[in-house]
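The following note is meant to be read beside the model. Please keep the sequence and the coordinates open while going through the numbered points.

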Amino acid sequence: MIYLDNAATTKPYADCLERAGQYLIEKYYNPSALYAEGYNLHRELAETHRKMAALIGNNQDYSVIFTSCGTEADNQALFCGGRRGNVVTTSGEHSAVYSCAARLKELGVEVRFAALNPDGSVNADSLLSLVDDKTSLVSVIHVNNETGAINDVNALAKTVKAKNSRALFHSDGVQAFGKIPFRLSPAIDMYSVSAHKIGALKGTGALIKRKSLVLAPYIYGGGQEEGLRSGTENVFGIKMFEYAAVKKYENLKDNFEKVRALNSLLRSALDNGLFKILSPENGSPYILTVGAYGVRGETILHEVNDKGLIIGTGSACSSNSKLRHSRVMQACGVGGELIDGILRLSFCPENTEQEILEAAQILNSTVKNRRDKMA
Amino acid sequence: MEKVIIVRYSEIHLKGNNRGYFERSFAENMEKALRGIKHEIRKHSGRYLIEGFDDELTDEIVARLSKVFGIHTMSVAISVKSDLDEIFRAACKIGPDYGTFKVETHRADKKFPMNSMEISAAIGGRLLDYKPELKVDIHNPQTVIGLDLRENGTTLVFNGMIRGAGGMPVGTAGKGMLLISGGIDSPVAGQMIAKRGMKIECVHFHSYPYTNMQAREKVEELASVLAGYTCGTNLHIVKVTHIQEEIHKKCNGEYMVTLLRRFMMRIAERLALRHGCQCLITGESLGQVASQTIEGMTSSGSVVEKLPILRPLCGFDKNEIIERSRAMGAYEISIRPYEDCCTVFLPRHPVIRPKMEDILAEEAKLDVEALIDEALASTETVKL
């Protein structure tokens with residue numbers, strides 16, 4: 001089976017799992033407990049927090065709040081950061097942010113959506129024009145999960161702060177963390193990440209936040225994670241997250257180049273009479289979104305699945321939604337013959353050239369065959 | 001004091017010589033509904049008693065039995081020795097503390113020294129003394145306390161009655177093949193026919209890869225909801241992708257739905273005969289969509305040669321169907337947004353009043369028999 005749906009989730013690293021296993025079997029203690037076993041675990045976790053923050057920013061300035069997923073981190077950022085005035089976000093957000101924005105609207109907060117460029121990145125002028133002195137929070141996705149377009153969130157955050165220094169800036173970095181070269185600049189207040197997108201496990205995510213930022217808790221209880229996210233720590237999941245993240249950052253540049261080569265190989269191997277490339281050239285190489293002319297993406301998904309290839313159609317998280325067409329792709333201006341046929345191909349560094357060529361061949365023949373039948 | 005559930009059945013008492021057959025099916029269906037719960041079912045002068053179960057499971061037993069067709073009413077009762085003091089204690093326990101009430105006594109035990117009027121009066125009087133906020137109202141009481149003095153020297157004391165599902169025991173009126181889609185109507189149609197005692201098998205048509213696995217899962221869930229009322233069912237799943245592709249390729253697109261429905265009916269009839277079903281059942285409601293006009297029904301019905309087609313929802317409004325769907329617990333599943341095979345290749349303007357000669361002319365472009373055989377060969381059966 002060729003797996004090209006790595007933006008949905010990734011295969012966990014076996015070596016990291018093996019290392020983290022001790023936290024499941026031997027070091028099962030509660031890190032809040034007062035006996036030595038618990039306290040030692042608490043110390044180990046404190047080190048993990050520092051290490052994780054250092055991977056992406058200055059750990060003097062940033063701390064890590066572990067959550068149960070990227071969605072929870074986004075919820076914390078939106079609901080604890082944006083409860084007054086207005087909130088500015090984009091039409092290209094993952095539903096983890098978009099649905100929170102919709103809920104904030106119901107709660108009486110004014111929510112403003114910035115327009116997208118055709119590649120799925122946010123239109124910077126549109127975004128900035130929506131920010132005013134009443135803006136409490138701006139949230140911009142780092143790498144668009146449907147097209148792979150990269151928003152320069154450091155630059156955007158700076159311009160936002162220049163206009164309103166009190167506005168908080170949050171970015172959903174789920175598709176960027178561990179994948180593209182990036183360091184948090186001080187203008188970014190909060191940044192959401194997820195473990196299972198980088199070879200760790202579902203059930204772990206984190207909100208990386210500026211240390212000096214005072215936030216209200218999102219989940220109340222025993223006061224773990226600086227009091228912001230109570231609940232006994234998922235030690236195994238967190239350690240697994242750490243090992244996978246460290247591994248990703250040690251090889252970040254090599255992985256990036258490798259995946260970029262795979263991406264361009266697939267771009268050139270797909271029949272351009274059958275597919276239109278929708279992802280931008282300068283986007284994240286980890287995501288290649290294409291539109292297949294005149295067929296339904298889901299039909300193709302099932303057919304190539306039967307032939308040994310796993311791909312996605314847009315975001316896996318919104319395929320349950322009642323709206324059949326992707327809200328984000330529509331906001332990018334994709335329509336007509338293509339909107340039904342959107343396929344998201346997403347990579348990991350472990351994919352091989354052989355797999356990519358085989359995948360291209362399966363996709364070309366399947367779409368051609370289906371178009372002949374539907375014609 | 002032991003808890004028992006009294007089950008009274010509805011129309012079986014109307015039956016003559018075959019009453020035994022109806023009662024056996026009824027008892028078997030109750031056994032099936034209560035599978036996995038320790039209990040005993042005893043027949044007792046025109047009603048059934050469920051006994052020997054754990055107290056905490058009372059509500060679950062009542063909930064499961066409320067789906068068994070043939071049950072008119074049920075009562076949760078306490079069984080005590082036929083002794084006025086014991087009966088009074090039980091009546092105190094299950095009766096209300098305030099409001100109006102009356103006591104109704106049924107005395108099968110003719111050796112008991114008082115008649116039913118006297119027993120009612122005695123227990124009612126003691127209740128009035130003991131609970132001063134109670135009042136008697138013979139004509140329109142808020143609570144009826146029932147006393148059932150049995151011949152074996154025990155008395156069942158109960159508070160009111162719970163309505164059962166009514167109808168006839170499933171299995172006493174033959175077997176039918178229900179065409180089930182992922183929508184609201186077909187499970188309701190199946191439940192209505194099952195209520196009159198018919199055993200149900202289901203057939204579902206899908207168009208993988210144009211439709212997805214979730215759509216199939218949805219149908220399986222709907223069929224399981226129905227199975228709760230029909231003492232189980234078999235779901236036959238038939239792939240009609242190639243039929244749709246052939247129609248799309250060779251015929252006028254406006255006839256897609258009309259032609260496909262004729263295929264579905266033919267396949268359903270063959271499966272029905274194979275599985276000993278005596279009719280087809282559909283969820284069609286007159287005029288609801290383009291294919292459910294009388295012309296559409298004539299067209300799809302005319303290919304069914306040997307069996308009658310039951311369309312119990314024909315005279316129902318959508319709202320009435322939705323109400324029934326909610327009541328049976330299928331609605332929330334039915335409205336999940338997955339596509340069934342009808343919406344794939346859907347023409348922009350389907351023919352609403354298809355003419356038979358046009359249909360036949362379009363159909364003549366296809367190798368009907370070969371396509372049916374191919375679809376039948378794809379059948380998978382799931383037991384629910």
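In which strand of chain A does Ser194(A) lie?

1. Ser194(A) belongs to strand β7 of chain A, which covers residues 190–194. Here helices (H or I, at least four residues) and strands (E, at least two) are DSSP runs, numbered from the N terminus. The model is a predicted one, in which local features need pLDDT of at least 70 and side-chain atom pairs count only at pLDDT 80 or more, while totals for chains, interfaces and linings use all residues. Residues are numbered from 1 along each chain as its sequence is written, and chains are lettered from A and ligands numbered from 1 in the order in which they are written.

2. Why does Ser194(A) count as buried? Ser194(A) is classed as buried because 27 C-beta neighbours lie inside 10 Å. A residue is buried if 20 or more other C-beta atoms lie within 10 Å of its own, exposed if 12 or fewer, and partly exposed in between, with C-beta atoms placed from the backbone. Apart from neighbours within four places in sequence, Ser194(A) is in contact with Cys69(A), Gly70(A), Val174(A) and Gly205(A). Two residues are in contact if their C-beta atoms, placed from the backbone, lie within 7 Å. Glu72(A) is 122 residues away from Ser194(A) in sequence, yet the C-alpha atoms of the two are 9.7 Å apart in space.

3. Chain A as a whole contains 12 helices and 12 strands. Its radius of gyration is 21 Å, close to the 21 Å that the globule rule gives for 375 residues, so chain A is as compact as a globular protein of that length. The radius of gyration is taken over C-alpha atoms, and the globule rule is 2.2 Å times the number of residues to the power 0.38. The C-alpha trace of chain A spans about 70 × 50 × 35 Å along its principal axes. Of the 375 residues in chain A, 51% are buried.

4. Chain B has 13 helices and 15 strands. For its 384 residues the globule rule gives 21 Å, but the radius of gyration of chain B is 27 Å, well over that value, so chain B is more spread out than a compact globule. Its C-alpha atoms fill a box of roughly 85 × 40 × 35 Å along the principal axes. In chain B, 40% of the 384 residues count as buried.

5. How is chain A divided into domains? Domain 1 of chain A comprises 2–9 + 251–374, and domain 2 comprises 14–250; such bounds come from an automatic or database domain assignment. The C-alpha centres of these two domains of chain A are 27 Å apart. In chain A, 26 residues of domain 1 are in contact with 28 residues of domain 2. On the domain 1 side, the elements giving two or more residues are α9 (252–269), β10 (287–292) and α11 (327–331) of chain A. That side has 13 nonpolar, 11 polar and two charged residues. Ala, Val, Leu, Ile, Met, Phe, Trp, Tyr, Cys and Pro count as nonpolar, Asp, Glu, Lys and Arg as charged, and the others, Gly among them, as polar.

6. For chain B the assignment gives domain 1 (2–163) and domain 2 (175–383). The C-alpha centres of domain 1 and domain 2 of chain B lie 43 Å apart. Four residues of domain 1 of chain B and six residues of domain 2 of chain B take part in their contact.

7. Two chains also meet: seven residues from chain B and eight residues from chain A form the contact. The chain B side consists of four nonpolar, two polar and one charged residue.

8. Tyr208(B) and Pro209(B) are joined by a cis peptide bond, with omega about 5°, and Pro209(B) is placed in the loop between β11 (199–206) and α6 (213–230) of chain B. Cys231(B) is not a glycine but has a positive phi of about 55°; its place is in the loop between α6 and β12 (234–239) of chain B. In chain A, Glu225(A) has a positive phi near 50°, again in a residue other than glycine, and lies in the loop between β8 (205–210) and α8 (235–250). Glu225(A) counts as buried because it has 22 C-beta neighbours inside 10 Å.
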